[in-house]
Amino acid sequence: MPAFSTFLRSTPPALLRRYFQQTGGAFPADFEWTASQPELVRSLSLVMARWDAALRGRIRAEAERISEMADEEGQTALDAEIARFRNE
C-alpha cells in the first residue's frame with residue numbers, strides 16, 4: 001500500500017487522470033480531477049473501493065512496479081537496460 005499511496009501523491013493530477021481513464025474502472029461523471037492532491041487521493045481511493053478486487057489488484061501492482069522504477073536503484077537498472085539496448 002505505501003507504494004500505491006506514493007504513486008498517487010507524487011503523480012501530477014493530469015497524468016493520474018490519463019492513467020485511470022485507461023484502467024477500465026468506472027468514475028462518476030462529476031469526479032473532481034482538479035481537486036487538491038490530498039483530496040484527489042482520497043476521492044480516488046473511495047472510487048476504487050467500489051471496483052472489483054481484480055482491477056484494484058492490477059492497479060496496485062502496476063503502481064508498485066512504477067514505484068520500483070522511480071527510486072535510485074530502479075533508475076540505475078533502467079539506465080543499464082537502455083545502455084544495453086543501444087549497444088545491441
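A search of the whole structure, which is a predicted model, finds eight aromatic pairs. Rings of Phe, Tyr and Trp (its six-membered ring) pair if their centres lie within 6.5 Å; planes under 30 degrees apart are stacked, over 60 edge-to-face, and the rest tilted.

Take Phe 7 and Tyr 19. Their ring centres are 5.5 Å apart and their planes stand at 80 degrees, so this pair is edge-to-face. Phe 7 sits in helix 1 (residues 2–10) and Tyr 19 in helix 2 (residues 13–21), so the pair ties together parts that are 12 residues apart in sequence. Helices here are DSSP runs of H or I, at least four residues, numbered from the N terminus.

Are these two residues buried or exposed? Phe 7 is buried at 6% relative accessibility, and Tyr 19 is buried at 19%. Buried means under 20% relative accessible area, exposed over 50%, and partly exposed in between, with a 1.4 Å probe and protein chains only.

Tyr 19 also pairs edge-to-face with Phe 20, at 5.2 Å centre to centre and 80 degrees between the planes. Both Tyr 19 and Phe 20 are buried. Ring pairs link Phe 7, Tyr 19, Phe 20, Phe 27, Phe 31, Trp 33 and Trp 51 into a cluster.

Next, helix 5. Glu 72 lies in this helix and is exposed, with a relative accessible area of 69%.

Two notes on the numbers. Residues are numbered from 1 along each chain as its sequence is written, and side-chain values use heavy atoms, without hydrogens and water. Local features need pLDDT of at least 70, side-chain atom pairs count only at pLDDT 80 or more, and totals for chains, interfaces and linings use all residues.

Key. Helix = DSSP H or I, 4+ residues; strand = E, 2+ residues; numbered from the N terminus.
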